[in-house]
Amino acid sequence: QVQLVESGGGLVQAGGSLRLSCAASGSYFSITIMGWYRQAPGKQRELVATITSGIITNYADSVKGRFTVSRDNAENTVYLQMNSLKPEDTAVYFCYASLRMRWGGALSNYWGRGTQVTVSS
């Protein structure tokens with residue numbers, strides 16, 4: 001089984017920065033996409049940023065220019081550098097990974113437990 005473990009959440013003032021990390025561990029063939037989603041109180045979970053194995057990135061319009069998603073050279077850790085944070089960024093941030101468990105097999109979706117990001121005014 002695969003486990004995604006997030007870290008780096010916390011409390012920060014508006015305009016500040018945080019760096020989230022998510023490490024994948026376990027047995028799988030390859031990781032196709034990794035990224036981040038978030039869910040604020042009373043709102044649906046929404047995409048924040050994703051990155052493919054080819055380092056193609058996708059960002060929500062609300063975070064473009066402020067957030068940067070990246071991964072390490074082992075392709076088992078994804079990061080989210082969050083700059084110029086706003087109170088509306090307050091949410092639980094979930095790590096996401098789409099993995100192929102074996103060659104030619106179906107893709108499987110995995111989620112981390114989530115890490116709280118709180119931005120104060």
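Me: Where in the structure is Ser84 placed?

Reply: This is a predicted model, in which local features need pLDDT of at least 70, side-chain atom pairs count only at pLDDT 80 or more, and totals for chains, interfaces and linings use all residues. Residues are numbered from 1 along each chain as its sequence is written, and side-chain values use heavy atoms, with hydrogens and water left out. Strands are DSSP runs numbered from the N terminus (E, at least two residues; helices are H or I, at least four). Ser84 is placed in the loop between strand E8 (77-82) and E9.

Me: Does Ser84 count as buried, exposed or partly exposed?

Reply: A residue is buried at under 20% relative accessible area, exposed at over 50% and partly exposed in between (1.4 Å probe, protein chains only). Ser84 has a relative accessibility of 41%, so it counts as partly exposed.

Me: What is the phi of Ile55?

Reply: Ile55 belongs to the loop between E5 and strand E6 (57-59). Its relative accessible area is 55%, so Ile55 is exposed. Ile55 is not a glycine, yet its phi is positive, at about 60°.

Me: Which residues are in contact with Leu47, leaving aside its neighbours within four places in sequence?

Reply: Leu47 lies in strand E5 (residues 46-52) and is partly exposed, with a relative accessible area of 25%. Contact requires heavy atoms within 4.5 Å. Leaving aside the neighbours within four places in sequence, the contacts of Leu47 are Trp36, Tyr37, Asn58, Tyr59 and Ala60.

Me: How far apart in space are Leu47 and Tyr93, C-alpha to C-alpha?

Reply: In sequence, Leu47 and Tyr93 are 46 residues apart. In space, their C-alpha to C-alpha distance is 9.7 Å.

Me: Which residues form a disulfide?

Reply: A disulfide is a pair of cysteine sulfur atoms within 2.5 Å. A search of the whole structure finds one. Its sulfur atoms are 2.0 Å apart, and they belong to Cys22 and Cys95.

Me: Which strands hold Cys22 and Cys95, the pair that links distant parts of the chain?

Reply: The two cysteines are 73 residues apart. Cys22 is buried at 0% relative accessibility, and Cys95 is buried too, with a relative accessible area of 0%. Cys22 lies in strand E3 (residues 18-25) and Cys95 in strand E9 (residues 91-100).

Me: Why is the disulfide of Cys22 and Cys95 left-handed?

Reply: The handedness follows from the torsion about the S-S bond. The disulfide of Cys22 and Cys95 is left-handed because this torsion is about -85°.

Me: What is the angle between the planes of Tyr37 and Tyr96?

Reply: Rings of Phe, Tyr and Trp (its six-membered ring) pair if their centres lie within 6.5 Å; planes under 30 degrees apart count as stacked, over 60 as edge-to-face and the rest as tilted. The structure holds three aromatic pairs. One of them joins Tyr37 and Tyr96, edge-to-face, at 5.6 Å centre to centre and with an angle between the planes of 70°.

Me: How many residues apart are Tyr37 and Tyr96?

Reply: Tyr37 counts as buried at 19% relative accessibility, and Tyr96 counts as buried at 12%. This pair links distant parts of the chain: Tyr37 is in strand E4 (residues 30-39) and Tyr96 in strand E9, and their separation in residues is 59.

Me: Why is the pair of Tyr37 and Trp111 edge-to-face?

Reply: The ring centres of Tyr37 and Trp111 are 5.1 Å apart. The pair is edge-to-face because its planes stand at 70°.

Me: Which strand holds Trp111?

Reply: Trp111 counts as partly exposed, at 38% relative accessibility. Ring pairs link Trp111 with Tyr37 and Tyr96 into a cluster. The pair of Tyr37, in strand E4, and Trp111 ties together parts 74 residues apart in sequence, with Trp111 in strand E10 (residues 107-111).

Me: Over the face of which ring does Arg45 lie?

Reply: A charge sits over a ring if NZ of Lys or CZ of Arg is within 6 Å of the ring centre and within 35 degrees of the ring normal. Arg19 lies over the face of Tyr79, 4.1 Å from the ring centre. Arg45 is 3.9 Å from the centre of the ring it lies over, that of Phe94.

Me: What is the order of the open sheet of four strands?

Reply: Two strands pair if DSSP finds at least two bridges between them. E1 and E3 run antiparallel and are joined by five bridges; Gln3 has Ser25 in E3 as its bridge partner. The open sheet has antiparallel pairing, in the order E1-E3-E8-E7.
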